[in-house]
Amino acid sequence: MSFPGLPRPAPGEVLLVCTCYEGGKALWGDLFDEIGGRREGAAFVLADGRVRLRPVEDCGWDHLHGGNVPALLSGGGPVPPVVVLADISVVYGGGGPLLVDVAAIPGRAVRVASDRLGEILDALLGGALAFDDLVRAMDWYGEYQGDGGRPAFPAPTPRAHRSFPALPATDVALLVRTDFGDERGWRALLDELGGVDEDGFLGADPDFDEIDEDAFPLQALTVDDRAFEGLSPGQVPALVPPGEHTTLVALADARTFAGPGRPLTVVDLCDIPGHVAVLPSREVGSMACNLEIGNMDFHDFVAVEGVRPWWEG
């Protein structure tokens with residue numbers, strides 16, 4: 001799958017991209033009423049005129065994910081700090097628009113309340129807020145300053161920004177090793193998850209008659225490459241190629257080899273790109289299965305500070 005390029009916004013403008021279409025028609029839901037402001041030509045003017053929001057439509061952007069956005073911005077000119085997506089959650093799910101970082105750590109995202117969009121964009125553009133501030137103040141749904149409880153494991157910010165190669169394309173999950181200090185621990189993790197075949201696939205041929213429904217095996221392509229050493233969750237979404245529907249990316253990081261249950265850091269690619277869920281490795285297969293069939297949402301697996309996770313009950 002390839003997406004059309006995004007237009008380069010004019011100085012002071014922020015793109016508002018529709019990613020939900022039906023019969024080739026853009027669906028915006030009630031967003032324009034909810035954000036307030038006024039129309040001025042092709043733009044919406046918010047925050048007493050300090051923010052110009054430019055809605056753009058192209059059915060080629062249907063189901064565009066936040067992680068794919070940075071690669072679609074045309075070259076030349078200054079990089080805008082953020083692009084806003086009006087996605088399926090805005091239209092049908094009651095969620096606010098998705099802000100995608102395209103400058104600091106491109107591809108990560110956070111959702112904001114629709115009626116606060118102008119205020120928050122004004123603060124970002126003026127430097128009163130950084131994207132890191134939005135990420136640190138997300139609730140378990142991935143909304144900035146939402147009331148859904150604080151995630152027990154907030155997404156870390158990388159100490160130093162560096163580039164990484166693209167992750168391999170796959171229509172299953174990816175298990176990516178990002179810590180290389182414990183070779184025995186890595187091998188033990190793979191063995192506990194069922195072992196890998198000669199192509200690096202984990203759980204490639206499960207016996208469905210023998211599967212425990214409460215401990216569904218993780219089927220994933222493993223990535224054991226020092227090029228990804230130190231990769232942080234927020235950097236993951238932009239590295240996933242758009243050609244395949246990758247279910248999730250699970251990181252085997254330093255926490256994996258230090259904690260009981262060999263916990264994996266799982267990265268959301270769809271609803272809130274870069275949002276994380278940390279859970280025992282034995283639970284990640286069930287998570288992938290439930291996400292694939294739409295039985296549960298990513299936030300259902302995000303542990304909340306001070307609340308016992310359901311998988312420990």
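This is a predicted model: local features need pLDDT of at least 70, side-chain atom pairs count only at pLDDT 80 or more; totals for chains, interfaces and linings use all residues.
Reader: What makes you say that both faces of S10 are covered?

Author: Ala173, Leu175 and Arg177 on one side are buried, and so are Leu174 and Val176 on the other. Buried means under 20% relative accessible area, with exposed over 50% and partly exposed in between (1.4 Å probe, protein chains only). Residues are numbered from 1 along each chain as its sequence is written, and side-chain values use heavy atoms, leaving out hydrogens and water.

Reader: Why is S10 said to pair with S12?

Author: Two strands pair if DSSP finds at least two bridges between them; S10 and S12 (residues 220-223) have four, in the parallel sense, so they qualify. Ala173 has Ala220 as its bridge partner there. S13 (residues 249-252) also runs parallel to S10, again with four bridges. Strands here are DSSP runs (E, at least two residues), as are helices (H or I, at least four), numbered from the N terminus.

Reader: What makes S4 and S9 edge strands?

Author: The open sheet has seven strands in the order S4-S5-S6-S1-S7-S8-S9, with mixed pairing. S4 (38-40) and S9 (109-111) each have a single partner strand, so one side of each is left without a neighbour in the sheet. S4 joins S5 (residues 43-46) through three antiparallel bridges, and Arg39 stands opposite Phe44.

Reader: Why is the Phe32 and Phe44 pair called stacked?

Author: A search of the whole structure finds three aromatic pairs. Phe32 and Phe44 are 4.8 Å apart, centre to centre, with 15 degrees between the planes. Rings of Phe, Tyr and Trp (its six-membered ring) pair if their centres lie within 6.5 Å; planes under 30 degrees apart count as stacked, over 60 as edge-to-face and the rest as tilted. Phe32 lies in H1 (residues 31-35) and Phe44 in S5, so the pair ties together parts 12 residues apart in sequence. Trp140 and Tyr141, at 4.9 Å and 50 degrees, come out as tilted.

Reader: How do you know that Arg39 sits over the ring of Phe32?

Author: The test asks for NZ of Lys or CZ of Arg within 6 Å of the ring centre and within 35 degrees of the ring normal. The charged end of Arg39 is 5.5 Å from the centre of the Phe32 ring and counts as sitting over it.
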